Amino acid sequence: SKEEGGKHASFFKKQMEKSFSEKMILDHSLHEAIRENQFELYYQPKIDSNTEELSGMEALIRWQHPEYGIISPSTFIPIAEELGLIFEIDKWCIFQACKQNKAWHNKGYPDMPVSVNLSAKCLYEPDLISILKSSLEATGLDAKYLKLEITEGVFIRDPDLVIDKIKKINQLGIAISIDDFGMGYSSLYHLLHLPIQEIKIDKIFVQDINKDEKQGAIVNMIISLAHRLRLNVVAEGIETKEEVNRLRQYQCNEFQGYYYSKPLNHKEFTQYLINTDKK
Ligand code: C2E
Ligand code: CA
Ligand code: CA
Ligand code: CA
């Protein structure tokens, strides 16, 4: 429940403020989570705004903690980043998402790309390119069915290095999406200078799109601009039909949010695929 989630969140927040030795305990439990396979990927459908058909999915990690239950990524990802464990986790996500997506392809469901979130820190990992390559090779997934979502925060430390890394990822055939677009710094600069293929408009901008005229104007402007740069535009956090209508009017390409479906575990997502097949 929401309340429980809040309790976990505050538990971990308190942990983060605590002493070094207590952080070591968290460090230990995250290591254990990696070792004992306590992570699970959920998949949230993305919908094509023209056809209303399923066009892809975003992989979202969950931590099934033996004592605390399901822990949300917004709680443990920042800690994993701080403890230097994030690459371990994101490596697992990349491989797992490729493997699961290939399994769906093999079962005869329509071939669609899976989007995986990648923490800013991972762009600075020398092994990233070889991990991506080997994940595709080992699972047999075609690179065009994998996308990576990164936030603008990746550029703060060393923009040149990151641009170079993104170009190498593109060369593998993997598309890059800028997540939480508009939340970071100098967004427009990035649109102009980066070899990216997609932006995702954060749910904060979607939420008041019909209540606040200015907010609508900003989203409309972002989408037009992105289209002039030939970028695909996804809106996340869509919860109402009114939001869908407005975003369609602005010619947003893909929709994602509770209005269509919450994130589903692999079993539920398979059922979702079967149901959409029948329609
Ligand atoms: P994000 O990438 O911006 O993902 C969107 C978040 O919004 C997800 O939360 C999703 O469950 C939630 N969401 C989807 N539709 C709706 C809606 O209609 N309304 C509302 N209010 N929320 C909606 P989640 O799954 O808790 O993930 C939170 C964040 O954790 C993600 O934000 C992403 O930054 C990070 N994250 C998730 N999985 C991974 C991962 O595998 N690796 C890394 N590095 N980060 C991850
Ligand atoms: Ca994302
Ligand atoms: Ca977001
Ligand atoms: Ca994000």
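Lys 147 and Glu 198 make a salt bridge, with their closest N and O atoms 2.6 Å apart. This pair ties together distant parts of the chain: Lys 147 sits in strand S5 and Glu 198 in strand S7, 51 residues apart. Both Lys 147 and Glu 198 are buried. Keep in mind that the model is predicted.

## Other salt bridges

The structure holds eight salt bridges. One of them pairs Lys 91 with Glu 88, where the closest N and O atoms are 3.3 Å apart. These two are three residues apart in helix H4, so about one helical turn separates them. Lys 91 is partly exposed at 22% relative accessible area, and Glu 88 is partly exposed too, at 38%.

Asp 208 and Lys 211 form another salt bridge, at 3.6 Å between the closest N and O atoms. Here Asp 208 is partly exposed, at 31%, while Lys 211 counts as exposed, at 69%. There's also a network: salt bridges with shared partners join Lys 46, Lys 147 and Glu 198.

## Around ligand 1

Ligand 1 has 21 residues around it, with Arg 62, Asp 90, Lys 203, Glu 239 and Tyr 258 the closest. Sorted by class, that shell has eight nonpolar, five polar and eight charged residues. Strand S2 gives the largest share, four residues.

Now for the polar side-chain atoms. Glu 239 has one 2.5 Å from a nitrogen atom of ligand 1, and Ser 119 has one 3.0 Å from a nitrogen atom of the ligand. On its own, ligand 1 exposes 790 Å², and the protein buries 85% of that.

Conventions: Residues numbered from 1 in each chain as written. Chains lettered and ligands numbered in written order. Predicted model: local features only at pLDDT ≥ 70, side-chain atom pairs only at ≥ 80, totals over all residues. Heavy atoms only, no water. Near = heavy atom within 4 Å. Polar contact = N/O pair within 3.5 Å; in protein donor to acceptor, adjacent residues only side chain to side chain. Areas by Shrake-Rupley, 256 points an atom, 1.4 Å probe, with all protein chains shown as cover. Nonpolar A, V, L, I, M, F, W, Y, C, P; charged D, E, K, R; others polar. Salt bridge = Lys/Arg side-chain N within 4 Å of Asp/Glu carboxyl O. Buried < 20%, exposed > 50% of the residue type's maximum accessible area, 1.4 Å probe, protein only.
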